[in-house]
Amino acid sequence: MPGKRQKSQYQVLRKKWLVRHKQAKAALHQKHKEALEFVSDILPDKEKIAPAAVGLAMLASSLPASNALAAATNQVIRPKEEAVAEIAPIDKKQALLDELKSALPQQVRPLTVDEEGKLDEILSRTFGMEVRHEINGLRLNRTYGVIGAEQHLMRYPGDTMATHLSPSEVANKMIYSSGMAPGRGAWGYFTRAGQNMTQKDVERERWYIAVQTFLAPEYNTRLSDYRGFFKFRKMLLVNPKAGQAIVTVIGDAGPAEWTGKHLGGSPEVMYHLGLGSGSRKGGVLYFFIDDPSDTIPLGPVKL
Amino acid sequence: MKSRPKHFYSQLVSLEDLETDLGLTTVSGSEKEELMDLAHINLHAAIIDTILFHLTDSDKKKFLELMALGEDEKIWEHLNSKVEKIEEKITDTAKQIKSQLKEDIKKVKRN
């Protein structure tokens, strides 16, 4: 582009790796908040810092001595922004809920293109990621629908409930009691053998959703375009009533139209959406996340 | 090569080949050091996340406490008693992160 200064290789890599680190650190703190805060409490006074920065402090031993990078990584959580986040987390969530209330219809129905466009903007701005109702002209049949509960998926041949869950998940009655689906997901096993399973495979199954890929517009006539598009595609799920949000992946196709539901969530997804008990279904927004570098971690997103 | 802080898992992972890849780009010496620092930070976060995933809440707290105190030997005693094949899990995560970072370097060289 004329007049536009091209970034150096250093600048491109630096930006990418800083963003990745910021997101990983936020996810780390979010997933293990209680344990991190506990350790912060018991450290000697001089080591104490604000709870939200515990994640950074726990990684402090790896921060470099160089002033330039120390300044850069401090920019990832600027003190002023952090202070604002500390005092106004409820406000941010409430602001989102207020915006969604005016942007969404009262009943759970397919949204118009204008409504979807507006939600692209609201969700991208709120969560700091590229949230889209379509990517390169490819999309699902809808973006606002009723989600129902799915079972755990077999990650590899021989995966059972005994091998499937972490110790804290076993202790979670809702996550444990969901059981395992008898068949594989739409993309087969996540890995060929248990010993080859990576953390990525674990996270994908944990945070999977099932969507009605077969109802995508022109699905049968555009199979070559859709091939590969849906498999493990990241999607942001938002509960518009209570504000929970999760970064998920498409791990299966379904549910059938006759069920009256429009998508399904793994036990972990349902639990973290606040739909883990009672009727175990509810209206949710589900939008694609455009993340070609695969830097956005899966799991709950905190506001 | 710049000397960086050692972690309890340092003997299991190495980013030396990443540094070689960076040497084939246009980044300067000081820029390379800064990027390597970032790479190490990214790796550290991923490894800690992997470890914490496999621990109960009380075991997480003990692990983090030992890590904050720098008790490497006790860390390994604790992890080996709580998580099967923890070393393998750490090296798998390191491999994954390294692969992502190498891919990023490949992409900037192409553009």
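The expected span of a helix is 1.5 Å times one less than its number of residues. Helices here are DSSP runs of H or I with at least four residues, numbered from the N terminus.

First, the conventions. This is a predicted model, so to speak of a local feature I need pLDDT of at least 70, and side-chain atom pairs count only at pLDDT 80 or more, while totals for chains, interfaces and linings use all residues. Residues are numbered from 1 along each chain as its sequence is written, chains are lettered from A in the order in which they are written, and side-chain values use heavy atoms, with hydrogens and water left out.

Now helix α3 of chain B, residues 57-69. Its 13 residues should span 18 Å at 1.5 Å a residue, and the end C-alpha atoms are 19 Å apart, which agrees. Buried means under 20% relative accessible area, exposed over 50%, and partly exposed in between, with a 1.4 Å probe and protein chains only. The buried residues of α3(B) are Asp59(B), Lys60(B), Lys61(B), Phe63(B), Leu64(B), Leu66(B) and Met67(B). After the helix comes Gly70(B), with a positive phi near 70°.

Next, the interface. Taking contact as heavy atoms within 4.5 Å, chain A contributes 44 residues and chain B 43. Buried area is the accessible area, again with a 1.4 Å probe, that two parts lose on being put together, summed over both. Between chain A and chain B that is about 4,000 Å², and carbon and sulfur atoms give 65% of it. Of the area that chain A buries against chain B, Gln9(A), Tyr10(A) and Trp17(A) supply 19%, more than any other three residues.

How many residue pairs are in polar contact between chain A and chain B? The count is 10, both residues being at pLDDT 80 or more. A polar contact is a pair of N or O atoms within 3.5 Å; within protein, one must be able to donate a hydrogen and the other to accept it, and residues adjacent in sequence count only if both atoms are side-chain atoms. On the side of chain A that touches chain B, the elements giving two or more residues are α1 (9-31), α2 (33-42), α4 (67-76) and α11 (199-206) of chain A. The largest share, 13 residues, comes from α1(A).

As for α11(A), 6 of its 8 residues are buried, among them Val202(A) and Arg206(A).

On to salt bridges: a side-chain nitrogen of Lys or Arg within 4 Å of a carboxyl oxygen of Asp or Glu. Asp104(B) pairs with Arg20(A), closest N and O atoms 2.8 Å apart, and with Lys16(A) at 3.9 Å. The latter pair runs from helix α1 of chain A to helix α5 (residues 86-110) of chain B. Asp104(B) counts as buried because its relative accessibility is 2%.

Within chain B, Lys102(B) forms salt bridges with Asp17(B) at 3.5 Å and with Asp21(B) at 2.9 Å. Lys102(B) lies in α5 and Asp17(B) in α1 (residues 16-23), so that pair ties together parts 85 residues apart in sequence. Lys102(B) is partly exposed at 26%, and Asp17(B) is partly exposed at 30%, whereas Asp21(B) is buried at 18%.

Last, in chain A, a network of salt bridges links Lys200(A), Lys234(A), Asp291(A) and Asp294(A).
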